[in-house]
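Here are my notes on the two-chain model you sent over. Have it open while you read, and tell me where you disagree.

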Amino acid sequence: MLKSMGAVKQAIPAEIGGEAVGAMTEHASAKQAAPGRKVLPIVEGAVLVAALFAPLVLQDYLTVFATRVIILALFALSFDLVWGYAGIMSFGQALFFGSAGYGVALLARDLDITNIFLVLPAGTIIGLTFALLLGGFLLLGRHPSSVIFVSLGTLTGSYAADRLARGWYYLGGQNGIPSIAPMTVGSYEFSEGPPFYYLVLGLLVVVYLLCRFLVRSQFGLALAGLRENEQRIAFFGYKAQHLKAIIFAIGGAVAGLAGSLYAFHEGFVWPNMVGVVVSTQVVLYVLFGGSGTLIGAVIGAVIVEGVSFWLSDNYREVWPIILGVLLLLVILFRPLGLISFVLGERERVGSFGAKAKEKRDAAP
Amino acid sequence: MANAFVAAFEILSFGAIIVLIVLGLGIIASMMGIFNFAQGEFVLLGAYITYLAYAKGLPIWAGMVAAPFVVGALGFVLEALIIRRFYAAPIVAMLGTYALGLIIRESVRGLIGGFYLTVPEPIGGSIDIGAMHISAWRFTIIVITALVMGGCYLLLARTSFGLRVRATLENPSLARASGISTPLIYGATFAFGAALAGLAGALIVPVFSLFADLGLRFLIQGFVAVMVGGVGSFIGPVAGAGLIGTLSAALPWVMAPVVADVLVFVLAIVFIKFRPQGLIAGKGV
């Protein structure tokens with residue numbers, strides 16, 4: 001954390017320092033380019049290629065599993081936006097994931113709406129709405145909320161939603177809502193398998209690119225400043241609370257999209273999906289992979305789910321303990337996650353608002 | 001009348017249980033600034049040790065007495081090895097203690113399996129007052145909670161150890177300069193908080209029976225109680241725990257349990273939002 005703070009401080013003046021400094025850093029980075037500078041696109045490309053070809057080599061049941069992992073990676077992305085980029089500890093991210101899942105399940109059950117162009121936006125909007133409400137309440141206000149309050153508030157929200165889902169007969173109580181009809185486009189039904197996989201992968205790539213654009217924009221720069229030193233950003237005249245609420249809502253929308261996909265893929269929703277278990281699961285993914293890099297969240301989800309799938313056959317009882325030990329080790333010795341083994345500090349922080357700089361160059 | 005009395009007793013005994021669990025959590029949060037996610041698992045460990053003593057044929061009392069010492073010792077070791085690294089960053093502390101809790105919880109789950117194991121009450125039967133019967137063990141819990149609460153207060157407010165703890169809380173560098181070994185104090189405080197959790201686990205296991213998610217059930221309630229009461233003092237979390245415990249036991253008598261369950265949390269969060277310093281603000285005891 002401290003290290004990254006230093007790096008951001010170096011990066012910010014480079015951006016606001018005008019053309020001279022900008023040109024200098026460009027020279028410097030061109031010289032450095034050899035090993036250190038371009039790891040991220042390589043990692044991203046490798047992951048994408050691996051994901052594209054996975055269904056061709058995997059057996060059917062593994063493709064189904066891979067689809068679930070991709071959906072969870074999308075979910076991890078939403079948490080990473082909120083925690084890795086804005087420093088908001090959302091211990092209740094599953095609230096948006098699960099409520100969207102429940103929402104689309106109800107749409108399918110009670111209104112027979114399974115059209116993909118209706119249910120996915122609906123799920124996204126449900127996630128967005130809940131995140132706006134909860135985030136607005138927790139983050140906005142006359143006094144800035146403490147980090148602890150936000151994290152415990154989101155945790156409590158998720159826990160309360162879990163209890164509500166368990167006790168509410170309309171939502172199926174303990175059993176949740178079983179046998180949701182598959183998603184449809186016209187008369188085509190998306191059932192588990194390669195088509196669903198590529199649909200989810202396509203959505204992940206789109207969302208990933210949008211997020212990548214977002215966190216590398218000027219807005220992303222403000223967020224990074226917020227994460228490193230909220231007070232200073234407030235002194236610069238940014239409305240820190242508003243920035244936080246916006247990114248929290250965007251995170252909620254992404255989680256909602258993931259949740260609605262998850263509901264249709266699994267074919268059922270159950271109370272754990274809104275609860276603390278899933279909320280902490282997503283924290284694990286992102287911490288493992290590396291918070292503050294989008295690809296880290298994806299890699300973390302793939303590794304945690306993959307290893308647990310592989311180990312849980314033979315070592316079902318020991319696996320959660322191993323997971324806990326690994327998590328502890330990562331927190332203690334690799335706070336930036338596994339991605340930090342290949343990714344340099346400078347590249348992790350990156351640069352912001354490249355387009356704005358070109359404009360500045362063009363204008364006299 | 002009899003019903004009202006039974007209801008009042010139920011509410012009181014549940015409130016006492018929550019207070020007992022929150023005591024340790026509150027001391028660690030207030031004195032060290034750490035929200036210990038492993039606290040629920042310390043409760044679980046206390047319960048497990050009691051069960052172990054019972055399963056080995058020892059008197060249950062022996063297990064209940066041993067539990068706080070064993071858990072306290074474990075807390076001391078964990079503080080020295082791991083928790084100590086987290087003081088600078090409260091969020092990292094949350095994640096780290098969560099990982100610790102995960103390890104403890106899953107280890108216990110591996111040991112007991114997915115079962116609900118019952119431990120009999122060391123003091124069985126009921127106390128009869130006229131036509132009303134109240135559980136003797138629950139009554140004992142209330143008494144022990146009151147004693148422990150008084151003991152903690154005296155320890156923090158009246159002894160030189162308590163003075164050192166408070167000094168370390170208020171101004172660590174000045175405390176260090178005055179010759180107080182702050183790492184030792186932190187270690188002792190954490191061990192003490194863990195021991196209280198162990199005691200709570202030992203006492204409640206006859207009521208709730210032993211299962212791996214026992215601690216998790218109380219953890220969030222505990223956090224909310226600490227926040228409602230106010231971090232930074234001893235009495236704040238206790239007051240918060242009393243309030244939350246009473247509310248969550250009392251509301252189901254007047255409305256649907258599902259609604260009551262959720263309502264307590266919503267009310268608590270709204271309360272904290274508009275009064276972030278909690279019921280009882282300020283530092284000290």
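1. Terms first: helices (H or I, at least four residues) and strands (E, at least two) are DSSP runs, numbered from the N terminus. On that basis, chain B reads α-α-α-α-β-β-α-α-α-α-α-α-α along its sequence. That makes eleven helices and two strands in chain B, while chain A has 16 helices and two strands.

2. Some housekeeping. This is a predicted model, where local features need pLDDT of at least 70 and side-chain atom pairs count only at pLDDT 80 or more, whereas totals for chains, interfaces and linings use all residues. Residues are numbered from 1 along each chain as its sequence is written, and chains are lettered from A, with ligands numbered from 1, in the order in which they are written.

3. On burial, I count a residue as buried if 20 or more other C-beta atoms (placed from the backbone) lie within 10 Å of its own, exposed if 12 or fewer, and partly exposed in between. Buried residues are 48% of the 364 in chain A and 50% of the 285 in chain B. Contacts are pairs with C-beta atoms within 7 Å.

4. Where do the chains meet? The contact takes 33 residues from chain A and 31 from chain B. On the side of chain B that touches chain A, α4 (90-112), α9 (214-229) and α11 (257-274) of chain B each supply at least two residues, and α4(B) gives the most, with 14. By class, that side of chain B has 24 nonpolar, three polar and four charged residues. Here Ala, Val, Leu, Ile, Met, Phe, Trp, Tyr, Cys and Pro count as nonpolar, Asp, Glu, Lys and Arg as charged, and the others, Gly among them, as polar.

5. Take a look at the packing of α4 (60-85) of chain A on α12 (276-289) of chain A: the angle is about 75°, with axes 9 Å apart. Axes are lines fitted to C-alpha atoms over the stretch in contact, and angles run from 0 to 180 degrees between N-to-C directions. The pair is therefore roughly perpendicular (65 to 115 degrees). Among the residues making this contact are Phe75(A), Phe79(A) and Trp83(A) of α4(A), and Val282(A) and Tyr285(A) of α12(A). The contact has nine nonpolar, one polar and one charged residues.

6. One backbone spot to check is Ser209(B), a residue other than glycine whose phi is positive, near 60°. Ser209(B) sits in the loop between α8 (182-208) and α9 of chain B. With 15 other C-beta atoms within 10 Å, Ser209(B) is partly exposed.

7. Finally, Ala73(B) lies in helix α3 (60-81) of chain B. Ala73(B) is partly exposed, with 14 C-beta neighbours inside 10 Å. Ala73(B) and Phe190(B) are 117 residues apart in sequence and 9.8 Å apart, C-alpha to C-alpha.

Methods: Two residues are in contact if their C-beta atoms, placed from the backbone, lie within 7 Å. Angles under 35 degrees count as roughly parallel, over 145 as roughly antiparallel, 65 to 115 as roughly perpendicular and the rest as oblique.
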